[in-house]
Amino acid sequence: MERLPQEKRLDYLLRSSKIVAEGFLGDDARSLEEIIETDISALVHMGCTPEQVAERMQELTAIAVPHMGNPVRIDDWLEVVSQDYKGQIICPWPHPVRLPKRVTTARRLDTEESIRWSDLNIHMIAEHGFFEGHGSAFRIEPALLVRVIFEDFAGPV
Amino acid sequence: MLTVLLSVLIVSSVSAGLALVLVVADRFVANYGECTITINEQKKLKVQGGKNVLAALTEEKLFIPSACGGRGTCGYCKVRATEGAGPVLPTETPFLTPKEIEDNVRLSCQIKIRNDLKIEIPEELLAVKEYEAVCSRITDLTYDMKHFHFELRDPPTIDFVPGQYIQLLCPQYKGNREEVYRAYSVASDPADKTIIDLIIRRVPNGICTTWCFDFLKEGDTVRFNGPYGEFRLSQTDAPMIWVAGASGMAPFVSLLYQMRNERITRPTTYFFGGNKVKDMFYLDRMRAFEKELPNFRFVPVVAAPDEGEQWDGERGLVTQALERADADLSGHEGYLCGSPGMIDAAIKVMNQLGIPNERIFYDKFE
């Protein structure tokens with residue numbers, strides 16, 4: 001099936017280094033649709049939705065931002081830290097979203113597992129269900145994300 | 001079933017063929033001839049039609065800020081197109097507010113020149129030039145910050161106002177197949193017009209900072225254009241409070257040179273924040289400025305020194321240090337450079353201490 005011009009442009013933007021070095025898809029040869037479907041399925045398998053995890057990521061980021069790059073403890077099991085960098089970044093999808101270049105890292109104190117995300121990751125997960133391709137610098141593994149950011153995650157449902 | 005598939009295939013093929021013919025015709029057959037771009041109702045440029053406005057202006061050495069090099073992905077290259085630009089394209093609308101569309105603001109990289117047109121740009125952009133320079137020294141400042149010293153080659157000198165920035169061209173390199181521009185504040189002495197200094201912090205997976213940190217070497221030739229920006233000292237005698245963190249130091253270094261050169265004696269307190277002692281840099285240089293500028297005081301602030309780390313200065317967030325000053329700053333001006341979060345927090349504190357928003361000037365990391 002011939003793809004629409006806007007789909008081709010999106011695929012090009014995601015694979016090119018126009019927005020981030022080495023693109024959003026890394027060395028992942030799968031189609032965008034397959035990447036999104038696989039990750040959402042993994043989330044659903046764990047009893048979560050992209051909206052839920054994005055909301056939690058946003059919540060943690062909002063807690064960390066006022067501490068300007070210093071770690072902050074949330075209860076006694078999680079530590080988050082946000083770093084701001086110069087510049088803004090746009091969403092590769094065709095809509096007017098421009099976000100600060102900010103990286104938030106969450107670390108579970110009990111398991112030492114950690115994960116980092118950008119503000120763009122939060123947006124792309126919430127709006128597009130996109131966790132980036134394997135091998136990209138800001139790829140978010142759904143299972144790891146859920147394990148780190150939710151205290152009571154018990155495993156796949 | 002086979003008939004349906006064949007029909008779809010034939011229609012798709014015909015559509016694709018027609019689209020291809022249109023693209024080829026537009027590229028090689030369409031001749032828009034020579035067109036005139038009138039800028040700010042005063043400057044007229046004769047250009048060959050068919051290209052986009054940003055490219056045409058760049059060829060004429062007229063630079064509009066653009067981070068993506070004219071590919072319609074950054075949304076920075078806005079101009080006001082008052083005549084002849086045609087309708088707003090779907091590729092532009094994501095970057096334009098309804099008010100901007102109403103005011104005929106357009107992305108110059110998306111306006112194809114098919115006829116004469118009139119545009120309006122900020123007057124200071126007419127003075128922007130393109131420069132070639134040699135990177136003659138790279139110095140580590142911290143684990144994630146470097147100082148880059150460039151000697152100008154062509155043209156050999158630059159005039160800039162302290163506080164302004166340039167756009168550095170990041171070329172293609174392994175992992176980056178596109179040329180992009182990124183903005184960095186100038187950190188050098190405006191009296192030495194033959195060089196520029198930049199202070200750059202590595203952005204994780206950043207296109208340009210990856211090049212600066214991992215590929216750019218001493219002796220390499222670089223290109224940049226500028227200067228741009230409105231951040232600068234006001235023409236008053238008001239005492240000043242400066243707040244910055246990390247590479248936000250850059251414009252303030254240049255402002256300090258200006259104050260020294262022009263013997264500006266405005267009382268100035270500079271709060272410089274970092275998270276750890278390892279984030280601090282230029283402490284000796286700032287102490288030297290304190291000796292040269294009798295009314296200048298430098299206050300480095302470390303949020304949370306590591307255990308056992310020697311730190312005799314202020315502790316806590318830079319905004320907390322400012323808050324602790326607990327002074328009436330109602331006659332002061334505030335100057336800020338750093339992340340949006342830091343700037344927003346510092347503005348709040350400055351307001352509490354009596355500095356109104358109209359006397360607070362900032363350069364946000366945007």
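Figure 1. Buried means a relative accessible area under 20%, exposed means over 50%, and partly exposed describes whatever falls in between. By that rule Glu141(A), with a relative accessible area of 34%, is partly exposed, whereas Arg139(A), at 13%, counts as buried. In this predicted model, the two residues form a salt bridge in which the closest N and O atoms are 3.2 Å apart. Side chains of opposite charge can pair when their charged atoms come close.

**Figure 2. A salt bridge within one helix of chain A.** Glu59(A) and Arg56(A) both belong to helix H3, which covers residues 50-64 of chain A, and they are 3 residues apart, about one turn of the helix. Their side chains meet in a salt bridge with an N to O distance of 3.1 Å. Glu59(A) is partly exposed because its relative accessibility is 41%, while Arg56(A) counts as buried because its relative accessibility is 14%.

**Figure 3. A salt bridge between two strands of chain B.** The closest N and O atoms of Glu130(B) and Arg223(B) are 2.9 Å apart, and the two residues form a salt bridge. Glu130(B) lies in strand S6 (residues 129-142) and Arg223(B) in strand S11 (residues 221-228) of chain B, so this pair ties together parts that are 93 residues apart in sequence. Glu130(B) counts as buried at 19% relative accessibility, whereas Arg223(B), at 35%, counts as partly exposed. Back in chain A, salt bridges that share partners join Asp39(A), Arg139(A) and Glu141(A) into one network. Over all chains, a search of the whole structure finds 31 salt bridges.

**Figure 4. The surroundings of Ile166(B).** Ile166(B) sits in strand S8 (residues 165-170) of chain B, and with a relative accessible area of 0% this residue is buried. Beyond its neighbours within four places in sequence, Ile166(B) is in contact with several residues, among them Tyr184(B), Val186(B), Ile196(B), Leu198(B) and Phe224(B).

**Figure 5. An open sheet in chain B.** In this view 5 strands of chain B form an open sheet with mixed pairing, in the order S2-S1-S5-S3-S4. The edge strands, S2 (43-48) and S4 (105-107), each pair on one side only. On average, neighbouring strands of this sheet are turned by 40° against each other when direction is ignored. Within the sheet, strand S1 (residues 34-39) and strand S5 (residues 117-120) run parallel and are joined by 3 bridges, and Thr38(B) stands opposite Lys118(B) in S5(B).

**Figure 6. A covered strand in chain B.** Strand S13 (residues 268-274) of chain B is mostly covered, with 7 of its 7 residues buried. In a regular strand the side chains alternate between the two faces of the sheet. Here Thr268(B), Tyr270(B), Phe272(B) and Gly274(B) lie on one side, Thr269(B), Phe271(B) and Gly273(B) lie on the other, and both faces are covered. Strand S12 (residues 240-245) of chain B runs parallel to S13(B) and is joined to it by 6 bridges, with Phe271(B) as the bridge partner of Val243(B).

**Figure 7. The contact between chain A and chain B.** The contact takes 32 residues from chain A and 35 residues from chain B. The area buried between the two chains is about 3,100 Å², of which carbon and sulfur atoms give 54%.

Note on methods. Residues numbered from 1 in each chain as written. Chains lettered and ligands numbered in written order. Predicted model: local features only at pLDDT ≥ 70, side-chain atom pairs only at ≥ 80, totals over all residues. Heavy atoms only, no water. Helix = DSSP H or I, 4+ residues; strand = E, 2+ residues; numbered from the N terminus. Buried < 20%, exposed > 50% of the residue type's maximum accessible area, 1.4 Å probe, protein only. Contact = heavy atoms within 4.5 Å. Pairing = 2+ DSSP bridges. Axes fitted to C-alpha atoms, helices over the stretch in contact; angles between N-to-C directions. Buried area = accessible area lost by both parts, 1.4 Å probe. Salt bridge = Lys/Arg side-chain N within 4 Å of Asp/Glu carboxyl O.
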